[in-house]
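Me: I would like to learn how to read a few features of a protein model. Could we go through them one at a time?

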Amino acid sequence: SSTINKIAAGEVVERPAAVVKELVENSLDASAGRIIVEIVNSGKEYIRITDDGHGIDPQDVESAFLRHATSKISEVEDLEKINSLGFRGEALASIVAVSKLDIITKTAYCQTGLKLSYEFGRLKSKDEVAAAEGTTIIVKDIFQNVPARKKFLKSDRAELVSISDIIDKIAIGHSNVKFEYTSNGKRMLSTPGDGKMLSAIRAVHGKDVMSSLIELEHECPGCTVSGYISSNSAYRSSRSCQYFFVNGRSVRSDMLSDCIQTAYRELLPIGKHAMCFINIDIRPDMVDVNIHPTKLEVKFTNEESLSACLKEGIGRALKGKEL
Ligand code: ADP
Ligand code: MG
(Lines give C-alpha, C1' and ligand atoms only; values in the text may rest on other atoms or scores of the structure.)
(Ligands and ions follow the chains in the order given, each with its own letter.)
Protein backbone atom coordinates (compact mmCIF):
# COMPACT_ATOMS: atom_id res chain seq x y z
CA SER A 1 0.00 0.00 0.00
CA SER A 2 1.02 3.59 -0.32
CA THR A 3 1.31 3.90 3.47
CA ILE A 4 3.89 1.15 3.55
CA ASN A 5 5.75 2.87 0.76
CA LYS A 6 5.76 6.15 2.66
CA ILE A 7 7.05 4.56 5.85
CA ALA A 8 9.75 2.68 4.01
CA ALA A 9 10.63 5.83 2.08
CA GLY A 10 11.45 7.55 5.33
CA GLU A 11 14.19 5.08 6.03
CA VAL A 12 16.02 5.52 2.76
CA VAL A 13 15.26 9.16 2.09
CA GLU A 14 14.77 10.92 5.36
CA ARG A 15 15.89 14.29 4.05
CA PRO A 16 16.84 16.17 0.87
CA ALA A 17 20.51 15.34 1.32
CA ALA A 18 19.71 11.64 1.16
CA VAL A 19 17.79 12.20 -2.08
CA VAL A 20 20.77 14.00 -3.59
CA LYS A 21 23.08 11.22 -2.49
CA GLU A 22 20.96 8.44 -3.95
CA LEU A 23 20.44 10.24 -7.25
CA VAL A 24 24.10 11.15 -7.66
CA GLU A 25 25.10 7.58 -6.87
CA ASN A 26 22.71 6.35 -9.55
CA SER A 27 24.39 8.71 -12.00
CA LEU A 28 27.78 7.32 -11.02
CA ASP A 29 26.49 3.78 -11.43
CA ALA A 30 25.35 4.80 -14.92
CA SER A 31 28.98 5.71 -15.73
CA ALA A 32 28.34 9.43 -15.98
CA GLY A 33 31.33 11.61 -16.79
CA ARG A 34 29.54 14.77 -15.80
CA ILE A 35 26.94 15.31 -13.09
CA ILE A 36 25.09 18.56 -12.52
CA VAL A 37 23.30 19.11 -9.21
CA GLU A 38 20.94 22.05 -8.87
CA ILE A 39 18.94 22.72 -5.73
CA VAL A 40 16.53 25.42 -4.61
CA ASN A 41 15.76 26.16 -0.96
CA SER A 42 18.10 23.50 0.36
CA GLY A 43 16.45 20.87 -1.78
CA LYS A 44 13.13 21.20 0.02
CA GLU A 45 11.58 22.87 -2.99
CA TYR A 46 13.59 21.54 -5.92
CA ILE A 47 16.41 19.15 -6.73
CA ARG A 48 17.62 18.46 -10.25
CA ILE A 49 20.34 15.99 -11.13
CA THR A 50 21.51 15.79 -14.72
CA ASP A 51 23.95 13.16 -15.93
CA ASP A 52 25.45 12.02 -19.20
CA GLY A 53 25.36 8.36 -18.22
CA HIS A 54 23.94 5.42 -20.15
CA GLY A 55 20.29 6.28 -19.55
CA ILE A 56 17.46 3.83 -18.96
CA ASP A 57 15.91 1.58 -21.61
CA PRO A 58 12.39 2.73 -22.51
CA GLN A 59 10.91 -0.60 -21.42
CA ASP A 60 12.65 -0.37 -18.03
CA VAL A 61 11.85 3.19 -16.99
CA GLU A 62 8.61 2.51 -15.15
CA SER A 63 9.92 -0.53 -13.35
CA ALA A 64 12.91 1.48 -12.10
CA PHE A 65 10.40 3.18 -9.77
CA LEU A 66 9.13 -0.07 -8.29
CA ARG A 67 10.58 -1.27 -5.04
CA HIS A 68 13.40 -3.80 -5.36
CA ALA A 69 13.48 -3.39 -9.12
CA THR A 70 17.21 -2.90 -9.19
CA SER A 71 18.97 -3.73 -12.41
CA LYS A 72 22.26 -4.07 -10.62
CA ILE A 73 21.97 -7.43 -8.93
CA SER A 74 20.54 -10.48 -10.62
CA GLU A 75 21.56 -13.19 -8.18
CA VAL A 76 21.57 -13.26 -4.42
CA GLU A 77 25.22 -14.30 -4.59
CA ASP A 78 25.94 -11.03 -6.36
CA LEU A 79 25.47 -9.33 -3.00
CA GLU A 80 28.88 -10.69 -2.07
CA LYS A 81 30.64 -8.80 -4.80
CA ILE A 82 28.77 -5.58 -5.23
CA ASN A 83 30.64 -2.97 -7.15
CA SER A 84 27.85 -0.54 -7.92
CA LEU A 85 26.91 2.06 -5.32
CA GLY A 86 23.23 1.16 -5.37
CA PHE A 87 21.91 -2.34 -5.15
CA ARG A 88 18.71 -2.41 -3.17
CA GLY A 89 16.43 -0.93 -5.77
CA GLU A 90 14.76 1.25 -3.14
CA ALA A 91 15.87 4.78 -3.80
CA LEU A 92 13.74 5.75 -6.78
CA ALA A 93 10.69 3.95 -5.36
CA SER A 94 11.15 5.77 -2.07
CA ILE A 95 11.74 9.19 -3.58
CA VAL A 96 8.88 8.98 -6.06
CA ALA A 97 6.46 8.10 -3.23
CA VAL A 98 7.10 11.36 -1.38
CA SER A 99 7.59 13.96 -4.13
CA LYS A 100 6.60 15.27 -7.51
CA LEU A 101 9.17 13.73 -9.78
CA ASP A 102 10.06 14.09 -13.45
CA ILE A 103 12.53 11.89 -15.23
CA ILE A 104 13.93 12.46 -18.70
CA THR A 105 16.16 9.71 -19.97
CA LYS A 106 17.71 8.63 -23.23
CA THR A 107 20.02 5.78 -24.14
CA ALA A 108 22.61 5.90 -26.90
CA TYR A 109 20.65 3.71 -29.29
CA CYS A 110 17.26 5.46 -28.98
CA GLN A 111 16.32 8.26 -31.35
CA THR A 112 14.33 10.16 -28.76
CA GLY A 113 14.20 10.44 -25.02
CA LEU A 114 11.37 9.62 -22.69
CA LYS A 115 9.86 11.89 -20.05
CA LEU A 116 7.74 10.57 -17.21
CA SER A 117 6.03 12.73 -14.59
CA TYR A 118 4.92 11.37 -11.24
CA GLU A 119 3.01 12.92 -8.36
CA PHE A 120 3.52 11.21 -5.03
CA GLY A 121 3.99 7.83 -6.63
CA ARG A 122 1.32 8.14 -9.33
CA LEU A 123 2.38 8.25 -12.97
CA LYS A 124 0.79 11.35 -14.53
CA SER A 125 2.28 11.41 -18.01
CA LYS A 126 4.72 9.63 -20.26
CA ASP A 127 5.91 11.26 -23.49
CA GLU A 128 8.65 11.05 -26.04
CA VAL A 129 10.85 14.13 -25.89
CA ALA A 130 14.04 15.38 -27.46
CA ALA A 131 16.88 14.75 -25.04
CA ALA A 132 20.61 14.32 -24.83
CA GLU A 133 21.98 10.93 -23.85
CA GLY A 134 21.78 10.49 -20.11
CA THR A 135 19.26 11.04 -17.36
CA THR A 136 17.76 14.07 -15.66
CA ILE A 137 15.69 13.67 -12.52
CA ILE A 138 13.76 16.54 -10.98
CA VAL A 139 12.37 16.16 -7.47
CA LYS A 140 9.93 18.83 -6.29
CA ASP A 141 8.02 19.45 -3.07
CA ILE A 142 9.54 16.63 -1.16
CA PHE A 143 7.47 15.29 1.75
CA GLN A 144 4.51 17.54 0.92
CA ASN A 145 2.33 14.44 1.28
CA VAL A 146 4.03 13.41 4.52
CA PRO A 147 3.57 16.45 6.79
CA ALA A 148 4.99 14.64 9.81
CA ARG A 149 8.25 14.07 8.03
CA LYS A 150 8.33 17.55 6.53
CA LYS A 151 8.04 19.00 10.01
CA PHE A 152 11.16 17.16 11.09
CA LEU A 153 13.38 18.56 8.38
CA LYS A 154 16.18 20.65 9.77
CA SER A 155 16.64 24.35 9.07
CA ASP A 156 17.41 25.41 5.50
CA ARG A 157 20.94 26.11 6.54
CA ALA A 158 21.47 22.67 8.10
CA GLU A 159 19.97 20.88 5.10
CA LEU A 160 22.16 22.89 2.75
CA VAL A 161 25.27 22.01 4.74
CA SER A 162 24.36 18.32 4.56
CA ILE A 163 23.83 18.42 0.83
CA SER A 164 27.08 20.31 0.24
CA ASP A 165 28.94 17.90 2.48
CA ILE A 166 27.65 14.89 0.54
CA ILE A 167 28.49 16.41 -2.83
CA ASP A 168 31.96 17.44 -1.66
CA LYS A 169 32.67 13.92 -0.50
CA ILE A 170 31.37 12.23 -3.62
CA ALA A 171 33.22 14.70 -5.86
CA ILE A 172 36.51 14.03 -4.09
CA GLY A 173 35.88 10.28 -4.18
CA HIS A 174 35.15 10.40 -7.92
CA SER A 175 37.69 12.83 -9.31
CA ASN A 176 37.27 11.38 -12.81
CA VAL A 177 33.74 12.79 -12.90
CA LYS A 178 33.06 16.46 -13.48
CA PHE A 179 30.69 17.80 -10.84
CA GLU A 180 28.79 21.06 -11.04
CA TYR A 181 26.68 22.09 -8.11
CA THR A 182 24.52 25.18 -7.64
CA SER A 183 22.24 26.27 -4.83
CA ASN A 184 19.58 28.89 -5.63
CA GLY A 185 21.48 29.57 -8.84
CA LYS A 186 24.74 30.27 -7.03
CA ARG A 187 27.74 28.16 -7.95
CA MET A 188 28.83 26.07 -4.99
CA LEU A 189 31.29 23.66 -6.58
CA SER A 190 32.79 22.86 -9.93
CA THR A 191 35.37 20.11 -10.24
CA PRO A 192 37.50 19.54 -13.34
CA GLY A 193 36.88 15.79 -13.54
CA ASP A 194 40.51 15.23 -14.52
CA GLY A 195 40.89 12.04 -12.48
CA LYS A 196 43.19 13.63 -9.91
CA MET A 197 41.94 13.50 -6.35
CA LEU A 198 44.06 16.52 -5.54
CA SER A 199 42.23 18.65 -8.15
CA ALA A 200 38.90 17.77 -6.59
CA ILE A 201 40.21 18.49 -3.08
CA ARG A 202 41.40 21.87 -4.32
CA ALA A 203 38.01 22.63 -5.86
CA VAL A 204 36.30 21.81 -2.58
CA HIS A 205 38.71 23.18 0.02
CA GLY A 206 40.61 25.88 -1.84
CA LYS A 207 44.28 26.06 -2.71
CA ASP A 208 45.42 26.92 0.82
CA VAL A 209 45.08 23.38 2.11
CA MET A 210 47.21 21.96 -0.68
CA SER A 211 50.56 22.77 0.90
CA SER A 212 49.70 20.86 4.05
CA LEU A 213 48.85 17.61 2.31
CA ILE A 214 51.16 14.69 1.76
CA GLU A 215 50.52 11.66 -0.33
CA LEU A 216 49.71 8.29 1.15
CA GLU A 217 50.12 5.04 -0.73
CA HIS A 218 50.39 1.69 0.95
CA GLU A 219 49.59 -1.83 -0.07
CA CYS A 220 48.68 -4.78 2.10
CA PRO A 221 47.26 -8.20 1.20
CA GLY A 222 43.74 -7.68 -0.13
CA CYS A 223 43.82 -3.96 0.50
CA THR A 224 45.40 -0.76 -0.76
CA VAL A 225 45.21 2.57 1.05
CA SER A 226 45.93 5.75 -0.87
CA GLY A 227 45.14 9.44 -0.80
CA TYR A 228 46.29 12.50 1.11
CA ILE A 229 46.82 13.30 4.75
CA SER A 230 47.59 16.48 6.61
CA SER A 231 51.20 17.12 7.51
CA ASN A 232 50.69 20.06 9.81
CA SER A 233 48.27 21.32 12.36
CA ALA A 234 47.91 24.77 10.83
CA TYR A 235 44.79 23.67 9.07
CA ARG A 236 41.82 23.42 11.37
CA SER A 237 40.93 19.79 11.61
CA SER A 238 37.73 18.16 12.61
CA ARG A 239 36.09 14.87 11.96
CA SER A 240 34.13 16.48 9.14
CA CYS A 241 37.42 17.05 7.35
CA GLN A 242 38.09 13.34 7.30
CA TYR A 243 37.11 11.63 4.10
CA PHE A 244 37.08 7.88 3.75
CA PHE A 245 36.20 6.03 0.59
CA VAL A 246 35.82 2.31 0.61
CA ASN A 247 35.84 0.93 -2.93
CA GLY A 248 34.72 4.34 -4.15
CA ARG A 249 31.93 4.70 -1.64
CA SER A 250 32.10 7.61 0.81
CA VAL A 251 31.69 6.20 4.29
CA ARG A 252 31.72 7.25 7.90
CA SER A 253 33.66 5.06 10.23
CA ASP A 254 34.56 5.60 13.84
CA MET A 255 36.97 2.73 13.52
CA LEU A 256 38.86 4.52 10.72
CA SER A 257 38.80 7.87 12.52
CA ASP A 258 40.18 6.27 15.68
CA CYS A 259 42.80 4.59 13.61
CA ILE A 260 43.96 7.91 12.16
CA GLN A 261 44.03 9.41 15.62
CA THR A 262 46.30 6.72 17.02
CA ALA A 263 48.55 6.75 13.98
CA TYR A 264 49.08 10.48 14.40
CA ARG A 265 49.31 10.58 18.16
CA GLU A 266 52.85 9.27 18.25
CA LEU A 267 54.10 11.01 15.13
CA LEU A 268 52.59 14.44 15.00
CA PRO A 269 50.81 16.58 17.58
CA ILE A 270 48.01 17.58 15.27
CA GLY A 271 45.01 17.96 17.51
CA LYS A 272 42.19 15.54 17.65
CA HIS A 273 41.33 14.91 14.03
CA ALA A 274 43.80 15.21 11.22
CA MET A 275 42.46 16.19 7.84
CA CYS A 276 42.61 13.26 5.49
CA PHE A 277 41.31 11.94 2.20
CA ILE A 278 41.75 8.22 2.15
CA ASN A 279 40.78 5.65 -0.44
CA ILE A 280 40.58 2.12 0.79
CA ASP A 281 40.42 -0.37 -2.02
CA ILE A 282 39.61 -3.62 -0.42
CA ARG A 283 38.50 -7.05 -1.64
CA PRO A 284 34.69 -6.91 -1.65
CA ASP A 285 34.42 -9.97 0.58
CA MET A 286 36.44 -8.18 3.28
CA VAL A 287 33.84 -5.46 3.73
CA ASP A 288 30.12 -5.31 4.45
CA VAL A 289 28.41 -2.18 3.21
CA ASN A 290 24.97 -3.52 3.82
CA ILE A 291 24.53 -2.72 7.49
CA HIS A 292 22.40 0.41 7.15
CA PRO A 293 19.87 1.48 4.51
CA THR A 294 21.69 4.72 3.85
CA LYS A 295 24.89 2.74 3.39
CA LEU A 296 27.05 5.34 5.09
CA GLU A 297 28.56 2.91 7.51
CA VAL A 298 30.65 -0.09 6.72
CA LYS A 299 31.91 -3.06 8.62
CA PHE A 300 35.23 -4.72 7.91
CA THR A 301 35.70 -8.44 8.28
CA ASN A 302 39.17 -7.98 9.67
CA GLU A 303 39.45 -4.64 11.43
CA GLU A 304 42.86 -5.38 12.94
CA SER A 305 44.61 -6.02 9.68
CA LEU A 306 43.04 -2.99 8.01
CA SER A 307 43.93 -0.73 10.89
CA ALA A 308 47.49 -2.07 10.90
CA CYS A 309 47.75 -1.38 7.17
CA LEU A 310 46.42 2.14 7.56
CA LYS A 311 48.67 2.98 10.51
CA GLU A 312 51.71 1.67 8.71
CA GLY A 313 50.83 3.66 5.59
CA ILE A 314 50.36 6.86 7.55
CA GLY A 315 53.57 6.27 9.47
CA ARG A 316 55.52 5.86 6.25
CA ALA A 317 53.93 8.90 4.61
CA LEU A 318 54.69 11.13 7.60
CA LYS A 319 58.23 9.83 7.98
CA GLY A 320 58.89 10.12 4.25
CA LYS A 321 58.07 13.77 4.61
CA GLU A 322 60.88 14.09 7.21
CA LEU A 323 58.91 16.25 9.55
P1 ADP B 1 19.51 0.79 -7.24
O2 ADP B 1 20.43 1.93 -7.50
O3 ADP B 1 19.67 0.21 -5.87
O4 ADP B 1 19.54 -0.23 -8.34
P5 ADP B 1 17.46 2.77 -7.51
O6 ADP B 1 16.07 2.81 -7.00
O7 ADP B 1 18.39 3.81 -7.04
O8 ADP B 1 18.02 1.33 -7.20
O9 ADP B 1 17.41 2.79 -9.09
C10 ADP B 1 16.63 1.82 -9.77
C11 ADP B 1 17.18 1.53 -11.15
O12 ADP B 1 16.96 2.66 -12.01
C13 ADP B 1 18.67 1.30 -11.21
O14 ADP B 1 19.00 -0.05 -10.94
C15 ADP B 1 19.03 1.71 -12.63
O16 ADP B 1 18.78 0.63 -13.51
C17 ADP B 1 18.01 2.78 -12.94
N18 ADP B 1 18.56 4.15 -12.80
C19 ADP B 1 18.33 5.01 -11.80
N20 ADP B 1 18.96 6.18 -11.98
C21 ADP B 1 19.63 6.07 -13.15
C22 ADP B 1 20.49 6.95 -13.90
N23 ADP B 1 20.78 8.19 -13.48
N24 ADP B 1 20.99 6.47 -15.08
C25 ADP B 1 20.70 5.23 -15.52
N26 ADP B 1 19.90 4.36 -14.84
C27 ADP B 1 19.38 4.76 -13.68
MG1 MG C 1 20.44 3.68 -6.49
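Reply: Start with burial: buried means under 20% relative accessible area, exposed over 50%, and partly exposed in between, using a 1.4 Å probe and protein chains only. C259, at 3% relative accessibility, counts as buried. This is a predicted model, where local features need pLDDT of at least 70, side-chain atom pairs count only at pLDDT 80 or more, and totals for chains, interfaces and linings use all residues. Residues are numbered from 1 along each chain as its sequence is written, and side-chain values use heavy atoms, with hydrogens and water left out.

Me: How many disulfides does the structure hold?

Reply: A disulfide is a pair of cysteine sulfur atoms within 2.5 Å. The structure holds one, and it joins C220 to C309, with 2.5 Å from S to S. The pair links distant parts of the chain, since C220 is in strand β9 (residues 213-220) and C309 in helix α8, 89 residues apart. Helices (H or I, at least four residues) and strands (E, at least two) are DSSP runs, numbered from the N terminus.

Me: What span should helix α8 have?

Reply: The expected span of a helix is 1.5 Å times one less than its number of residues. Helix α8 (residues 303-320) has 18 residues and should therefore span 26 Å; its end C-alpha atoms are 25 Å apart, which agrees. Among the buried residues of α8 are L306, L310 and I314.

Me: Which salt bridge does R34 form?

Reply: A salt bridge is a side-chain nitrogen of Lys or Arg within 4 Å of a carboxyl oxygen of Asp or Glu. R34 forms one with E180, the closest N and O atoms being 3.0 Å apart. This pair links strand β1 (residues 34-40) to strand β7 (residues 178-183), with R34 and E180 146 residues apart. R34 is partly exposed at 38% relative accessibility, and E180 is partly exposed at 22%.

Me: Where do K169 and D165 lie?

Reply: Both lie in helix α5 (residues 156-173), four residues apart, about one turn of the helix. K169 counts as buried at 15% relative accessibility, whereas D165 is partly exposed at 28%.

How values were computed
Chains are lettered from A and ligands numbered from 1 in the order in which they are written.
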